[in-house]
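Hello,

Here is the structure I promised to pass on. Please open it first, then read my notes below.

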Amino acid sequence: MGPLHALAILLSLVAQEPRTETVRIPGTDLKFEMVSVPGGKAKLGSPADEPGRRPDERPVHEVELQPFWMSRTEVTWDAFVKYFENRKLVKVDGVTRPSPPYEPPHGKMGVGSHPAVSMRWHGAIGYCEWASTLTGRRFRLPTEAEFEYAARAGATGAGPANAEEVAWFESNAQKKTQLTGTKKPNAFGLQDLMGNVWEYALEFHDGPEYDPVLRGGGWNTPGAELRFAARQQIRSEWYERDPNRPRSMWWLTDGTFVGFRVVCFADAPKKDQDAYLAKLEVTGLKAVEGTKGNARVTGTLKNAGDRTLSEVELTVYYTDEDGKPVFEDNKARPCFSKAWPVLANSDQPGDQPKALKPGESRTFQLDVPQPFDLDVELTKVGARASAVQFSN
Amino acid sequence: MTTPDRPLVTRRDFLRTTATAAALSAAQIPDVHAAGGDTVQVALVGCGGRGTGAASDALYAKGGDVRLVAMADVLQNRLNGSFKQLTNEHKDQVKVPEEARFIGFDAYKKAIDLLGKGDVVILTTPCGFRPLMFKYAIEKGVNVFMEKPISVDGPSSRRMLDLSKQADEKGIKVGVGLMVRHCKGRQELYKRIRDGEIGDITSMRAYRMHPAAGSPFSSPRPPAEKSELIWQIKRFHSFIWASGGLFNDYYIHQIDECCWMKDAWPVRAEGVGGRQFRGDNVDQNFDNYAVEYSFEDGTKFHYYGRHIIGAPSKFFSGVHGTKGSAVVSLHGHTPGEVRTFKSQSMEDKDLIWAFPPKEPNPYRTEWQDLMDAIRNNTPYNEVPRGVKASLVTSMGRMAAHTGTTYTYDQILNSNWEAGAGINEFTGPESDPPVKADEKGRYPVPEPGQKQDREY
């Protein structure tokens, strides 16, 4: 994409108001705004000679994305707190939630419309599940490709040209989170993608090990590091202060710069998608001991139905003596994980997501965290499709 | 281990105090000590989250080999999980063969029996068991680390003070898990307050408000939980006999740190509290508390606790003085983001001093301090301070639960005992100190109705 082409896209984008929609969570007074992100092609990743580039970044590569919806800002503290605190008032069966923390997890950070912080990846995906169940729409975390595509919004440089105007970061955030949605929107009408808090992506950092990737930089990110292609792993100093063992899988003790936002797809009602789940078959499920005592699970996913799928979410869990799924151990720790084999490595150059056609199969691999005090065998696992997205 | 095997040497205690060595019979030195040298052996009694964490912190202590050699719990799956965790994190230091993993109400004895003088047992069962197990550790002459709180009422406090004297007589080192006392930031703050940086203390206040974490709020015992006693132990925050309730378990650190800054223990407490939104919960806790502590000189310390979903969270301890004010806890126990101000409003513009942001982890420091005392054979016993912190916490709880003013002497000499019969537990079928009524509810404090007893 040449500079003129990019400019043309940019001009066409700023010329029209972004399409937005307000989502309300039934049973609560919560609402948040989703913004329509136009589909298209874009170059993601960073050139080898870009100043500040780190080795884990992707080389420059072109992706093509379908249109999707993304929350205008990060998920706010108000919204996240409704999910994790209100077990009884907003009861949703089958949704796992963080165990209540011993200390307020926002620490010194603001609440209300400040971004929710300190959750680990399971908390972020749990929120998506909760919001999906209550609204009948399907929410999930953005893939790395979706995040970077949305953050760039047509921009081709290393980071936002007008960082001070669009982002809260080290030089202007005063060492804390700032109210979401108070900086200038980008060309797609999205706010706070760069800065304020690092945001979880759907994928894991390197391979399937339970180690999610974060994007976008936070309030403590120096300006020079506020780059579209930058990727961040969960670091041990963000959780090692936890005095309990096993350490919490729901909360980071020192992660007040970690948050997330959601994306959503509007074309088919969730119930139609859910009805299709029975047509997905998982075969050849095998578990061996992986790193950190987790089970490394491999298997094959087959689309036995008649629709082409642009993504499938698989939930993989341990099973008890009777073969029943176990999602949490007795200490309310999650012992399941999720994989998206059709979307996997969605931002890897040369490894574009390929829709799963009727009759097609796809292999998958992921790590499932071990339970603390359940007598399950690492090799006894189960898997089932938990969400799909139909191809256009 | 990466270190070479040591020659078989006599344990350091024998080298240092021949008198003690002569007094010990061969029978008291288990074989497991053969690899001795300066290895400190650790037994973990109570393999829950904190116990496992404490064992891990012990294994990080520097100054010589530390090995975990025995584990005990009443629940097999808890012990298994704990063993798995510790093995993952400290592969070379966890030497607990199957036959050194004990289950049952006498498991603590078997684990302690595998230790010798110079070794240390970690007591991280619910607090109610502290006196029973501390007593046995003293009999066996092993050092102790015990998690807070360490007593729940007058009788258990008196017992612990008495045991503490016996521990001193035998030269046993005892650490108590009030790790805030080992926090470098708070130590520096204490010095600054003593040096008069904020003048004389005029009042103190602390808040702990967040949805209930752990096990303080319980629905009726599910049918799958066959043993009443085991269920109460699993949900120890719900039962006064086991933990002192959420009041003791949650609030003790902040009560202790404020008393530390004041350099005194309160002489009196008055309190209010109630059960605002408890639905079908059957436990013994209130969900909100406010306690006014008074010191000998009349200074007041106010404590506010609230565990109501939807209400804003707050975690803070602060001290006000004639020349300024100080933050003792800003949003949690660690890091100790302590600071002093020249005003009462604690605004940034009035800042006098703030501790640098990176402080050593006090959960590790408390272990290093205990291990150093063990290795250097220096006097070390945190029990008297730990009992007083537990006692004044119980004083506040009793004031709120009875609606009566409680004095320090009253609570210390009180005969109200929550955990009578703990010594007689033999198995899951034993009777716990409290029983449910026909609807599965346990006795709840009724302020004003009962005054010399809690429920």
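How many residue pairs are in polar contact between chain B and chain A, with both at pLDDT 80 or more? The count is 14 residue pairs. Please keep in mind that this is a predicted model.

**Where the chains meet**

H4(B) gives the most to the side of chain B that touches chain A, with 9 residues. Other elements also give two or more residues to that side, including helix H3 (49-59), strand E7 (201-209) and helix H12 (362-376) of chain B. By type, the residues of this side divide into 23 polar, 12 nonpolar and 9 charged.

In total, 44 residues of chain B are in contact with 28 residues of chain A. About 2,800 Å² is buried between the two chains, and carbon and sulfur atoms give 46% of that area. Three residues stand out on the chain B side: Arg78(B), Gln85(B) and His331(B) supply 17% of the area that chain B buries against chain A, more than any other three residues.

There are 4 salt bridges between chain B and chain A. One of them joins Arg78(B) to Asp373(A), with the closest N and O atoms 2.8 Å apart.

**Salt bridges inside the chains**

Over all chains, the search finds 54 salt bridges. Start with Glu21(A) and Arg137(A). They form a salt bridge, and their closest N and O atoms are 2.8 Å apart. Glu21(A) lies in strand E1 (residues 20-24) of chain A, and Arg137(A) in the loop between H3 and strand E6 (138-140) of chain A, so the pair ties together parts that are 116 residues apart in sequence. Glu21(A) is partly exposed, at 28% relative accessible area. Arg137(A) is buried, at 19%.

Next, take Glu50(A) and Arg227(A). This salt bridge also has its closest N and O atoms 2.8 Å apart. Glu50(A) lies in the loop between strand E3 (40-44) and strand E4 (61-65) of chain A, and Arg227(A) in the loop between E8 and E9 of chain A, so the pair ties together parts that are 177 residues apart in sequence. Glu50(A) is buried, with 11% relative accessibility. Arg227(A) is buried too, with a relative accessible area of 5%.

In chain B, look at Lys435(B) and Asp431(B). They form a salt bridge with the closest N and O atoms 3.7 Å apart. Both Lys435(B) and Asp431(B) are exposed.

Chain A also holds a network of salt bridges. It links Glu144(A), Glu148(A), Arg152(A), Arg215(A) and Arg231(A).

**Chain A: a sheet and a helix**

An open sheet of 4 strands in chain A runs in the order E9-E8-E7-E10, with mixed pairing. Its edge strands are E9 (231-233) and E10 (258-259) of chain A, each of which pairs on one side only. Strand E8 (residues 212-215) of chain A pairs with E9(A) in the antiparallel sense, over 3 bridges. There, Val213(A) stands opposite Gln233(A).

Helix H2 (residues 77-85) of chain A is mostly covered, with 7 of its 9 residues buried. Among them are Trp77(A), Phe80(A), Tyr83(A) and Glu85(A). Helix H3 (121-135) of chain A is part of what covers the buried residues of H2(A).

**Chain B: a strand and two buried residues**

Strand E10 (residues 300-306) of chain B has two faces. The covered one holds Phe301(B), Tyr303(B) and Gly305(B); the uncovered one holds Lys300(B), His302(B), Tyr304(B) and Arg306(B). E10(B) pairs with E7(B) in the parallel sense over 7 bridges. In that pairing, Arg205(B) stands opposite His302(B). Strand E9 (residues 288-294) of chain B pairs with E10(B) in the antiparallel sense, also over 7 bridges. Ser294(B) has Lys300(B) as its bridge partner. The hairpin of E9(B) and E10(B) has 5 residues between the strands, and Gly298(B) takes a positive phi near 95° there.

His253(B) lies in helix H11 (residues 245-262) of chain B. Is His253(B) buried or exposed? It is buried, with a relative accessible area of 5%. Further along the sequence, His253(B) touches residues including Lys148(B), Met179(B) and His333(B).

Ser414(B) is found in the segment after helix H14 (408-413) of chain B. Ser414(B) is buried, at 10% relative accessible area. Beyond its sequence neighbours up to four places away, Ser414(B) touches Gly154(B), Pro155(B) and Arg158(B).

Best wishes

Definitions and conventions: Residues are numbered from 1 along each chain as its sequence is written. Chains are lettered from A and ligands numbered from 1 in the order in which they are written. This is a predicted model: local features need pLDDT of at least 70, side-chain atom pairs count only at pLDDT 80 or more; totals for chains, interfaces and linings use all residues. Side-chain values use heavy atoms; hydrogens and water are left out. Contact means heavy atoms within 4.5 Å. Buried area is the accessible area (1.4 Å probe) that two parts lose on being put together, summed over both. A salt bridge is a side-chain nitrogen of Lys or Arg within 4 Å of a carboxyl oxygen of Asp or Glu. A polar contact is a pair of N or O atoms within 3.5 Å; within protein, one must be able to donate a hydrogen and the other to accept it, and residues adjacent in sequence count only if both atoms are side-chain atoms. Ala, Val, Leu, Ile, Met, Phe, Trp, Tyr, Cys and Pro count as nonpolar, Asp, Glu, Lys and Arg as charged, and the others, Gly among them, as polar. Buried means under 20% relative accessible area, exposed over 50%, partly exposed in between (1.4 Å probe, protein chains only). Two strands pair if DSSP finds at least two bridges between them.
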